[in-house]
Amino acid sequence: MEQTGILLFSIILLIFFSNNSSAVDVLRTNQTIRDGDTIVSANNEFELGFFSPGSSRNWYVGIWFKKISYRTIVWVANRDAPLNNTSGILKIHNKAISLFANATSTKIWSSNSSRFLNNPVAQLLDSGNLVFRDEKDGDPENFVWQSFDYIGDTILPGMKVGTDFVTGLERYVTSWKSVDDPSAGRFVHRIYTHGYPQLTLWDGSELHARTGPWVGNQFSGDPVQKNNRIYYNEFFIDQKEIYYEFNLYNQGSSTPATMLKLTTDGALQRLIWIDQNQEWKIYLTSLVDDCDKYGLCGPYGACDSSRSPRCTCLKGFHPKTPEKWEAADWTDGCVRITPLDCGHGEGFIKYSGVKLPDTRQSWYSLSMDAKECRSMCLKNCTCTAYSNISVKTGGTGCLLWFEELMDMEGYTDDGQDIYLRMPASELDESKRSRVKPRLSILFINKQNNVKMAKRKLKMERRLNSIEEQNLEIPSFEFRRISSATSNFSSDNKIGEGGFGPVYKGSLEDGQLIAVKRLSDNSRQGKDEFKNEVSLIAKLQHRNLVSILGYCIEDGERILIYEYMPNGSLDSFIFSKETSRLANWPTIYNIINGVARGLLYLHQDSKLRIIHRDLKASNVLLDDEMNPKISDFGMARSFGGNQTEANTTRVVGTFGYMPPEYVTDGIFSMKSDVYSFGVLVLEIVSGKKNRFFEHPDHNLNLVGHAWRSFNEGKLEELIDRTKYVICGANAEQ
């Protein structure tokens, strides 16, 4: 009897769960989803239900990864029509999936399909796609409606981004307004189909960035992902449809979750879930540096983030507005030295390894070969350049430009070839001699040489003062800085390092400043000075010190920063007087703030920055004890998917540098993380790593911490004085 009861109870449970919407992947007409109910895809990959993002008080219907502990939303149904309470109801009828604010209200969102279904069902697939179909239809992929056609801020494998010319449907990606608001934000990522199709990123109505056109194996502006066995891109184009999608090489339980997400600040990030770390890792991101910003160098200018200055004119061109160009305003671009006249002898100069220019005003043919393409451009007097479309098939297809070439970038191993139309006088000597007499050629060369010599002399003068590169901060006159610091009075001196002294100053309006005056024998030379000014001017974060200006007058090298009234972190944690004023919330805030600043440098800024000299004296404290990372003279920027580099010149501070950097010159983001770890040990212990002493051994603080960890005595590292002041019980 007891066994019969157990069996009966099991059958009841089975029947209950088989009819409960949260236990299956479908929603039928007799079922609803309310707050707390969900449906889950067949293999538990995705889940659909109600959620409230961040600190928002609104509620939405969304889809998220099921197997990932951190709830990651990939699609929102009512992103622009939020619920203000938990009374929402999701249900289906014969034409659509609909969301109601409550049982008696009108619908606030619907899938809006027009076809009537006799047996409607909404099903959540393991791809993350929510589909609306007829359950009795023999073809399970015959969808009346699917969420993949209405992308939010996330692209999943198998999603199409592009345009269906038959239905008129355009699938594009739109950022959230904020992390707490999934409504449509400023940024839109789409395929622009006028001219040869290319990936574009828009900030409102302004073109913000381009990934570039498809060239057979990748988009022109994308770096080649070597040893990538996780995903691949596909591009499809014909008269009916243009789209791209990415797919996974292997669909299985061992394949990590992967997605593309358009962030609220306009960065398109490829994210991969690292299960062992329980975190999303940025595998690739757009807008890595200034060169990714649309049109930075103007017409006929090429951007190269590894050069200083960033922008150069193409061969045969010079700056349109020289005074702006010298001031690092390149937006006017370049103009031809010798205009085209469609005369005899015109030809092409080949540029290799470039991101192809903007194709919105281009013409293309998928069937032409390289020879036909060149001939067609040469015959058309308005054609300014040509390129093959597909590098994958040995150079097939034809792409022609008829306007100024905009938004070129180079020069990389992943770039393509483009052939720029030039007048005969700008081509090689053998071609020039067939057009003009030799004497004329010599005269032109002499003129060009004089121009080049004058330009070189002017450049050398600028180099002697300090190669003013892309400085987006004001230049201060020396007399103004001298006045602000009372002629660099010793009474105003607030610190000194290997670079030189630092002075407190006050500008005419009363603003307090910190003035770093580099000495002649400073370890921070001209290159480091330029590096610090150019890098920190582009970085904006509450946990990074703000630079207000610079001075390079009369051989001086001076940096002007915001004034930090509480000085540097080392003077705070290593001083018996000030350290006793600390409490645990303050210490925690300092550690957390440094971590946030470092995360911004490594992951969230447009440039991936490796600081290389993170230490207590390079962390400053404002009037509210908020930490700000400073001193970027030794910093290095990484581009694309670069994660480490090697140098023969090891810089930094011993005690904070990891062993592989000291011995082999290898540095990466991990180098900064190591330095951060040393810094945290110093903060909680109140001891310096290099000058740490212990009666039982000769280890430094890091070695002592490792030894304490192995012996189960890690808590002994903590400065008990600070610990008690924090309000904790000493016995704890």
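Predicted model: local features only at pLDDT ≥ 70, side-chain atom pairs only at ≥ 80, totals over all residues.
Strand β7 covers residues 97–100 and strand β8 covers residues 107–110; the two run antiparallel and are joined by three bridges. Together β7 and β8 make a hairpin, with six residues between them.

## Helix α10

Helix α10 spans residues 584–604 and has 21 residues, which at 1.5 Å a residue should give 30 Å; the C-alpha atoms at its ends lie 28 Å apart, in agreement with that value.

Buried residues in α10 are Thr586, Ile587, Ile590, Ile591, Gly593, Val594, Gly597, Leu598, Tyr600, Leu601 and His602.

## Packing of α12 and α13

A pair of packed helices is described by the angle between the axes and by the distance between them. For helix α12 (residues 669–685) and helix α13 (residues 701–710), the axes come within 10 Å and cross at roughly 80°. Angles of 65 to 115 degrees count as roughly perpendicular, and α12 and α13 are therefore roughly perpendicular to each other.

On the α12 side, the contact is made by Tyr674, Val678, Leu681, Glu682 and Ser685; these meet Leu701, Val702 and Ala705 in α13. Sorted by class, the contact of α12 with α13 holds six nonpolar residues, one polar and one charged.

## The chain overall

The protein chain contains 14 helices and 44 strands. Of its 732 residues, 49% count as buried. Among contacts in the protein chain with a separation of 6 or more, 54% are between residues 24 or more positions apart.

Terms used
Residues numbered from 1 in each chain as written. Heavy atoms only, no water. Axes fitted to C-alpha atoms, helices over the stretch in contact; angles between N-to-C directions. Helix = DSSP H or I, 4+ residues; strand = E, 2+ residues; numbered from the N terminus. Parallel < 35°, antiparallel > 145°, perpendicular 65-115°, else oblique. Contact = heavy atoms within 4.5 Å. Nonpolar A, V, L, I, M, F, W, Y, C, P; charged D, E, K, R; others polar. Pairing = 2+ DSSP bridges. Expected span 1.5 Å × (residues − 1). Buried < 20%, exposed > 50% of the residue type's maximum accessible area, 1.4 Å probe, protein only.
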